[in-house]
Amino acid sequence: MKVALIGATGFVGKALLDELLARGHDVTALVRDPAKLASRARLHVVKADVLNAEEVRAGVSGADTVISAYNAGWANPDLYNEFMRGTRAIVAGTKAAGVKRYIVIGGAGSLYAADGTQLVDSPDFPAAIYPGASAARDALNELRNETSLAWTQLSPPVAFHPGSATERTGKYRVGSDTPLSTGDGPGTISAADLAVAVVDELETPKHVGKRFTVAW
């Protein structure tokens, strides 16, 4: 397929780019700094600011699917507002380009605990990541009201972070709105296997108009 990828230089985006290219898809990567991506077969790099809906529209035009691993940056002092602004611009640009399929990497904070509350609302939720997690939750709520996109959101497991394991096993378990766990605690996964789950959803859609989660 022709896939427009947003966030290709980030932690998750790099794994997505590798998985997409390994499976033979043609990828257009929208990045602010094209120099950060080396030339590769079937990779086309477009300089774009994803806070600008028109630049997104131009960059994703002609794609079969847009995959977004956008992150405004955990150290961003205006993380919540920029996350929402970027997400809305990506959605608007995707719609303006006439692309119907949209897959987005969300956050684990919007998953539900056993008592029905969302993890991001827990009193012991880490304050340092609350703005980003709160924005990801609000972005999902907006996406659920979206009627013109065939959207899917993947929320990573609770223990997923840049220090997670790196191996690609090609295996994972699937959940819906509650976090997956192991016998020892919250579930995790590598970025490589998270990417496997995303590209599996791209190739064989099972969660259109839904959010799902994965873990080993």
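This is a predicted model: local features need pLDDT of at least 70, side-chain atom pairs count only at pLDDT 80 or more; totals for chains, interfaces and linings use all residues.
Me: What length does helix α5 reach from its first C-alpha to its last?
Reply: Helix α5 covers residues 191–203, which makes 13 residues. At 1.5 Å a residue, the expected length is 18 Å. The helix comes close to that, reaching 18 Å.

Me: How many of the 13 residues of α5 are buried?
Reply: A residue is buried if its relative accessible area is under 20%. In α5 the buried residues include Ala191, Leu194, Val198 and Leu202. The helix is largely enclosed by the rest of the structure, because the buried residues number 11 of the 13.

Me: Which strands and which helix do the buried residues of α5 pack against?
Reply: The helix in question is α1 (11–22). The strands are β1 (2–6), β4 (65–68), β5 (101–105), β6 (150–155) and β10 (210–215).

Me: How many residues apart in sequence are the parts that the pair of Tyr70 and Phe83 ties together?
Reply: Tyr70 and Phe83 form a tilted aromatic pair, with 5.9 Å centre to centre and 50 degrees between the planes. Both residues are buried. Tyr70 lies in the loop between β4 and α3 (79–96) and Phe83 in helix α3, so the parts tied together are 13 residues apart.

How values were computed: Residues are numbered from 1 along each chain as its sequence is written. Side-chain values use heavy atoms; hydrogens and water are left out. Helices (H or I, at least four residues) and strands (E, at least two) are DSSP runs, numbered from the N terminus. The expected span of a helix is 1.5 Å times one less than its number of residues. Buried means under 20% relative accessible area, exposed over 50%, partly exposed in between (1.4 Å probe, protein chains only). Contact means heavy atoms within 4.5 Å. Rings of Phe, Tyr and Trp (its six-membered ring) pair if their centres lie within 6.5 Å; planes under 30 degrees apart count as stacked, over 60 as edge-to-face and the rest as tilted.
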